[in-house]
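Please read the numbered points with the sequence and the model at hand.

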Amino acid sequence: MYTQLDIETHFDGKLKIAYLNQPETMNALTKPSLSDLKDFVKECSEDETVRCVAISGRGRAFCSGQNLDDAFVQGNEHHDNDIIRKIVVDYYNPLVTEITRCKKPVVALVNGPAVGAGAMLALICDFVLAVDTSYFAQAFSNIGLIPDTGGTYFLPKLLGRQLANYLAFTGKRLSGEEAKSYGLVAEVFNEEEFSSKSMEILEKMSNMPTAAIKLTKKAFAQSYNNTLREQLELEGDLQQEAAQTEDFIEGVNAFLQKRKPNYKGR
């Protein structure tokens, strides 16, 4: 079904991992791979079996950004002044939308360099797990472009204005550890442990109360635009919604019975 992705399923379908699978280009993004990723995330969001989603790359890189040959190779497209806008609007923006509104946690497994749109693909996920040999670079300015893939929205919020400007203007590379120190990465593991440690976290996420995580994502997203009063009102509404889920009842019963909860994601 997905021509540009390699899909793995784990834990009886609770976890699905999509690997960008063009190692010869360091997993550079193309229109087909962007469409495949969008469709993959949307399918996982709607599939009740899936409880956690992850995105990674095959080979030595996570993602080297936009494949420029794919953007300009067809006919005289390089003379079309609107081609970049079309790619952003038709391919990148729908992918960003699907990832940010996915009903399941979406985790980036950064196994190597993440550059330009590849860096932002990781950073728009709910959190990032990275290998210590990885690096992140907002390389857009190196070819005279601005950060896209949600970059102008998320970078100032993740980093603050000063650091967002610095990284966007200079294209400076951040090691995995530096990215973690800036709050861009949740965990960094060495190469020997990256696979096993990441899978431990993904397994935990696959067994968490997914409905509550979905509502948490919704609350965090709306906090960017809400006043404190509006956010407190939203918390009350969403907390009531969470309290009506099967997972909440199971969590309370498990606590009272002093046993491990068996969440169903409902």
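Which residue in E4 is the bridge partner of Val53?

1. The partner of Val53 in E4 is Val106. This is a predicted model, in which local features need pLDDT of at least 70 and side-chain atom pairs count only at pLDDT 80 or more, while totals for chains, interfaces and linings use all residues. Residues are numbered from 1 along each chain as its sequence is written, and side-chain values use heavy atoms, with hydrogens and water left out.

2. Strand E3 covers residues 52-57. Helices (H or I, at least four residues) and strands (E, at least two) are DSSP runs, numbered from the N terminus. Six of the six residues of E3 are buried, so the strand is largely enclosed by the rest of the structure. Buried means under 20% relative accessible area, exposed over 50%, and partly exposed in between (1.4 Å probe, protein chains only).

3. In a regular strand, side chains alternate between the two faces of the sheet. Cys52, Ala54 and Ser56 point one way from E3, and Val53, Ile55 and Gly57 point the other way.

4. E3 runs parallel to strand E4 (residues 106-110), to which three bridges join it. Strand E2 (residues 15-20) is also parallel to E3, with six bridges between them; strands pair if DSSP finds at least two bridges between them. Leu20 stands opposite Gly57 in E3. From E2 the chain crosses through helix H1 (residues 31-46) to E3, a right-handed β-α-β crossover: with the strands pointing away from the viewer, the path from the first strand over the helix to the second runs clockwise.

5. Lys16 is located in E2. Lys16 counts as buried because its relative accessibility is 16%. Beyond its neighbours within four places in sequence, the contacts of Lys16 (heavy atoms within 4.5 Å) include Phe40, Cys52, Val53 and Ala54.

6. Pro32 lies in helix H1 and, at 37% relative accessibility, counts as partly exposed. Not counting residues up to four places away in sequence, Pro32 touches Gln4 and Asp70. Pro32 and Asp70 are 38 residues apart in sequence, and their C-alpha atoms are 9.5 Å apart in space.

7. H1 packs with helix H3 (residues 83-101) at an angle of about 25°, their axes 9 Å apart. Axes are lines fitted to C-alpha atoms, for helices over the stretch in contact, and angles run from 0 to 180 degrees between N-to-C directions. H1 and H3 are therefore roughly parallel, the term for angles under 35 degrees. Residues making the contact include Leu34, Leu37 and Val41 of H1 and Tyr91, Leu95 and Ile99 of H3.

Technical notes
Angles under 35 degrees count as roughly parallel, over 145 as roughly antiparallel, 65 to 115 as roughly perpendicular and the rest as oblique.
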